[in-house]
Amino acid sequence: MNAYSDLQNQNLHLLSVAPMLDWTDRHFRYLVRLISRRTRLYTEMVVDQSILLGQRPKLLDFNPEEHPVALQLGGSVPEKLAEAAKIGEQWGYDEINLNLGCPSERVQGGGFGACLMLSPDLVAECMAAMRQAVRVPVTAKHRLGVDEVEDYRYVAHFIEKLAGVGIEVFIIHARKAYLRGLSPAENRTVPPLRYEWVYQLKQDFPHLTIVLNGGVRNLEEAQAHLSHVDGVMLGRAVYEDPFVLEQADSKLFGLPHATTRLEVARAMLQYAEAQLERGIPLWAIARHMLNLFKGQPGGRLWRRWLSERACRRGAGVKVLQEALEQVQAEVESRKSRALV
């Protein structure tokens, strides 16, 4: 067991937000960073070939405020992954992570993601090449098993194999993956969670950093897991309500940073104004803000207002201003009714 309170200033992976396809782009990461200064952020998975041949600014650009931020790569060819990792380091990312957990058919078709867990020698070769190409940490994000391969000894051997080429940080989704028969969404809920396996991996590999991922809904649950592992990664819970991280800095990192939903909304309004000037459509930003007032007075009105107006062609920052005014009016109205 590790006392996370003693490590809060040293453990860079104490708390993080999972890479989520179509969700954890630079605009959502900026929103999260306004709420927590220390929570580690991850990009969506970016395929190595896309970086080598595609529009790198579009794929890799991020805001300086996002640090610490990690680039997650997808791929299975050592040389390509090494080159993509090198470019990611040059772009300023603090960590390069390899996706070994995505079970989607499209990812399988590319020969990477969760299916790579069935080829530990190839994974070790890939990660060794990445590690040799960069100075920043190279980390792995994987499952507990794949299809019929669901054996503690197998995943322990998998970790031992990667540790042998110098990998020190393992982010473990505490479920196995089904490559056939389940959708990616079902793969996040149907296979049973085996937190005890992740706890045991930390006991068996005390010198490694073991981060638990999967099914964690709030900071209280994260703190309970941190009695057994080095870090916790939250996923959809943060997207469904970014303010699940409201007390992360104070409770986990001992920092005084605190903010409110209204303050974040105002900051995002300024951010959106700057992005619009660069040609970014409002919806690219506003779609990540729909849950900003979830469960709060005016929250449904806020969501409906943005959903109906921010997606329109040519929508401007006035949409956010009006939505914010609606929320503030609802809050004041409730206060007045409470005084009657």
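## Pockets and core, step by step

Q: What makes β2 stand out in the lining of the second largest pocket?
A: In this predicted model, β2 gives 5 residues to that lining, and this is the largest share. The elements that give two or more residues there are α2 (26–35), β2 and α4 (56–60).

Q: How do you know which residues line the second largest pocket, and which lie nearest its centre?
A: A residue counts as lining when it has an atom within 4 Å of a pocket point. There are 25 such residues around the second largest pocket, and Asp25, Arg26, Glu44, Lys58 and Leu59 lie nearest its centre. The volume of this pocket is about 620 Å³.

Q: What makes a residue in the lining of the second largest pocket count as charged, and how many do?
A: Asp, Glu, Lys and Arg are the residues that count as charged. By that rule the lining has 10 charged residues, along with 10 nonpolar and 5 polar ones.

Q: Now for the largest pocket: how much space lies in it, and what lines it?
A: About 730 Å³ of space lies in the largest pocket. Its lining has 33 residues, with Pro19, Met20, His173, Arg188 and Arg236 closest to the centre. Among the elements that give two or more residues are β2 (41–47), β5 (138–142) and α12 (236–240). By class, the lining divides into 14 nonpolar, 11 polar and 8 charged residues.

Q: Why is Val47 called partly exposed?
A: Buried means under 20% relative accessible area and exposed means over 50%. Val47 has 22%, so it falls in between and is called partly exposed. Val47 sits in strand β2.

Q: How do you know which residues Val47 touches, beyond those up to four places away in sequence?
A: The test for contact is heavy atoms within 4.5 Å. Gly74 and Phe112 pass it for Val47.

Q: Which residues of helix α10 are called buried, and what covers them?
A: The cut-off is under 20% relative accessible area. In α10 (residues 195–204), the buried residues are Tyr195, Trp197, Val198, Tyr199, Leu201 and Lys202. Their cover includes α8 (152–163), β6 (169–173), β7 (209–213) and α11 (219–225).

Q: What makes Leu162 and Trp302 stand out in the largest nonpolar core?
A: Residues join such a core when they are buried, belong to the listed nonpolar types and are linked through side-chain atoms within 4.5 Å. The largest core has 110 residues, and Leu162 and Trp302 have the most contacts inside it. Leaving aside neighbours within four places in sequence, Leu162 is in contact with residues including Leu100, Val123, Met127 and Phe170.

Methods:
Residues are numbered from 1 along each chain as its sequence is written. This is a predicted model: local features need pLDDT of at least 70, side-chain atom pairs count only at pLDDT 80 or more; totals for chains, interfaces and linings use all residues. Side-chain values use heavy atoms; hydrogens and water are left out. On a 1 Å grid over the protein atoms alone, a cavity is a set of points where a 1.4 Å probe fits but cannot get out, and a pocket is an open set with protein on both sides within 12 Å along at least five of seven lines; lining residues have an atom within 4 Å of a point. Grid points are joined across faces, edges and corners, and a volume is the space filled by probe spheres set on the points. Helices (H or I, at least four residues) and strands (E, at least two) are DSSP runs, numbered from the N terminus. Buried means under 20% relative accessible area, exposed over 50%, partly exposed in between (1.4 Å probe, protein chains only).
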